[in-house]
Amino acid sequence: ISPTEKRKQQPTRLIDNGNCKILKLQIGNTQKTNVIEKGISTITLESKFQWAIKNYFSDVKFDLVIYTTPPITLQKAISYVKKRDNAKTYLLLKDIFPQNAVDLGMMDKTGVKGVLYNYFRAKEKSLYAISDYIGCMSQANVDYLLKHNPEISPSAVEVCPNSIEPLSMNIDECVKSQIREKYGIPPGTTVFIYGGNLGKPQGIDFLDPV
């Protein structure tokens, strides 16, 4: 199931190429929107996913369910498939939420914001509870997860990094010049490669926009 935000105005549709089926599920806007809309869209995710599974995959038996954080609000949908199909579940823990929101000053553990924190913390623990295996991005993440969630069995957690070892790229200067010419990049200028979403969690405070 691959979600598509409402702003793209694409209805829910099933893509079937014979070898695999991909359900493009329309969800609310979660990116580049205000906090209220993002919150509502995130909270309603699990009901939308569960509806989609019941309506589009009622005749499909899943052996393995792989899901990622964020978001952490898919617990009911995953639990539904796990129970219905006796499936194994694997969580790719990319962000430890809501703690990362607290670290960034976007959420507090006390006061009014504490209510929201406790809600998401409960969803987080529920997600861990239904996960047969949890893959973390680093050993430090594994250590943190087990320290703050002692109910999780260490045997269920492993390092499963969302990255590869960088390879040495020794490119001939002539080839570099040809690439610059192809894309109209002037010689001597600095080239940046966009590597994905950049925000507060990526620690880009060192960038000083001119």
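Let me start with V175, which lies in helix 7, residues 173-183. Helices here are DSSP runs of H or I with at least four residues, strands are runs of E with at least two, and both are numbered from the N terminus. V175 is partly exposed, with a relative accessible area of 35%. On that scale, buried means under 20% relative accessible area, exposed means over 50%, and partly exposed is in between, using a 1.4 Å probe and protein chains only.

Before going on, a word on the model. It is predicted, so local features need pLDDT of at least 70 and side-chain atom pairs count only at pLDDT 80 or more, while totals for chains, interfaces and linings use all residues. Residues are numbered from 1 along each chain as its sequence is written, and side-chain values use heavy atoms, with hydrogens and water left out.

Now the overall picture. The chain has 7 helices and 7 strands. Along the sequence they run β-β-β-α-α-β-α-β-α-α-β-α-β-α. The C-alpha atoms fill a box of roughly 60 × 50 × 40 Å along the principal axes. Of the 210 residues in the chain, 29% are buried.

E173 and K176 meet in a salt bridge, at 3.4 Å from N to O. A salt bridge here is a side-chain nitrogen of Lys or Arg within 4 Å of a carboxyl oxygen of Asp or Glu. The two residues are 3 apart in helix 7, about one turn of the helix. E173 is exposed at 55% relative accessible area. K176 is partly exposed at 36%.

How many salt bridges are there by this rule? The count comes to 8. Side chains of opposite charge can pair when their charged atoms come close. R7 and E5 form one, with the closest N and O atoms 2.3 Å apart. R7 is partly exposed at 39% relative accessibility. E5, by contrast, is buried at 12%.

Another salt bridge joins D132 and K82, at 2.8 Å from N to O. D132 lies in the loop between helix 5 (111-129) and strand 6 (133-136), and K82 lies in helix 3 (residues 75-85), so this pair ties together parts that are 50 residues apart in sequence. D132 is partly exposed at 24%. K82 is partly exposed too, at 22%.

Next, the rings. The structure holds 5 aromatic pairs. Rings of Phe, Tyr and Trp (its six-membered ring) pair if their centres lie within 6.5 Å; planes under 30 degrees apart count as stacked, over 60 as edge-to-face, and the rest as tilted. W51 and Y56 form an edge-to-face pair, 5.9 Å centre to centre with 70° between the planes. W51 is partly exposed at 44%, and Y56 is partly exposed at 29%.

Elsewhere, ring pairs link F97, Y119 and F120 into a cluster.

The charged end of K54 sits over the ring of Y80, 5.2 Å from its centre. The rule asks for NZ of Lys or CZ of Arg within 6 Å of the ring centre and within 35 degrees of the ring normal.

Last, the cysteines. How many disulfides does a search of the whole structure find? It finds 0. A disulfide would be a pair of cysteine sulfur atoms within 2.5 Å. C136 is in no disulfide, and the nearest cysteine sulfur, in C160, is 9.3 Å away. For C160, that distance to the closest cysteine sulfur is too far for a bond. C136 is buried, at 0% relative accessibility. C160 is partly exposed, at 27%.
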